[in-house]
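Let's walk through a few side chains together, one question at a time. Have the sequence and the 3D view open as you read.

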Amino acid sequence: MARSALLAAAVTVALLAGGCARPTVSRPSTDPSGRLTGGGVTVVAVLATEPDGTGHVRVTFSPQKPGYHLYSIHLPPGGVNGLGIPTVVSVRDGLRVTGSPAADKPVIDVQIAELNVDLPVYPDGPVTVTVPVRRTGNGRAEVVVTYGACSATTCLPPVRNRLITLA
């Protein structure tokens with residue numbers, strides 16, 4: 001009995017000395033962020049910048065119901081034959097865009113055979129668009145979003161030029 005107690009104490013000391021039993025401290029993000037909800041989608045924007053002012057804005061569009069997708073950032077502004085609302089992320093005030101936006105999901109085509117049209121969309125579910133930016137001042141940073149969410153049978157009201165203030 002004494003031998004097993006001594007062994008248990010030795011293992012505990014070794015674990016504590018090696019750092020295995022130290023608690024992990026998670027630090028909250030200090031990156032400015034903001035969110036909005038509209039058109040059946042929750043949108044979260046986060047700004048990450050380096051000391052030199054360069055960085056990026058990450059905007060995640062999450063449909064609130066399963067089976068809904070968003071249109072591609074590459075959909076023309078007027079859609080295809082007037083169909084579809086492109087996903088757009090722009091910035092203003094304390095930010096300037098320095099490159100092209102990119103999405104974390106591949107673009108797929110949804111074919112509407114009756115109308116003989118293919119629409120570029122992202123797979124159902126959330127999609128994150130990242131835009132390279134540069135800080136142009138120490139003031140407020142703002143992101144402006146436009147998007148539309150649809151399922152195979154229904155489209156929700158589009159959201160156009162909605163402002164997200166990053167704080």
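Q: Is Glu 142 buried or exposed?
A: This is a predicted model, in which local features need pLDDT of at least 70 and side-chain atom pairs count only at pLDDT 80 or more, while totals for chains, interfaces and linings use all residues. Residues are numbered from 1 along each chain as its sequence is written, and side-chain values use heavy atoms, with hydrogens and water left out. Buried means under 20% relative accessible area, exposed over 50% and partly exposed in between (1.4 Å probe, protein chains only). Glu 142 has a relative accessible area of 1%, so it is buried.

Q: Which side chain is joined to that of Glu 142 by a polar contact of 2.6 Å?
A: A polar contact is a pair of N or O atoms within 3.5 Å; within protein, one must be able to donate a hydrogen and the other to accept it, and residues adjacent in sequence count only if both atoms are side-chain atoms. Glu 142 has such a contact with the side chain of Arg 140, at 3.0 Å. The partner at 2.6 Å is Arg 92.

Q: Which cysteine is joined to Cys 150 by a disulfide?
A: A disulfide is a covalent bond between the sulfur atoms of two cysteines; here it is counted when the sulfur atoms are within 2.5 Å. The structure holds 1 disulfide. With S to S at 2.0 Å, the partner of Cys 150 is Cys 155.

Q: Is Cys 155 buried or exposed?
A: Cys 150, at 3% relative accessibility, counts as buried. Cys 155 has 52% relative accessibility, so it counts as exposed.
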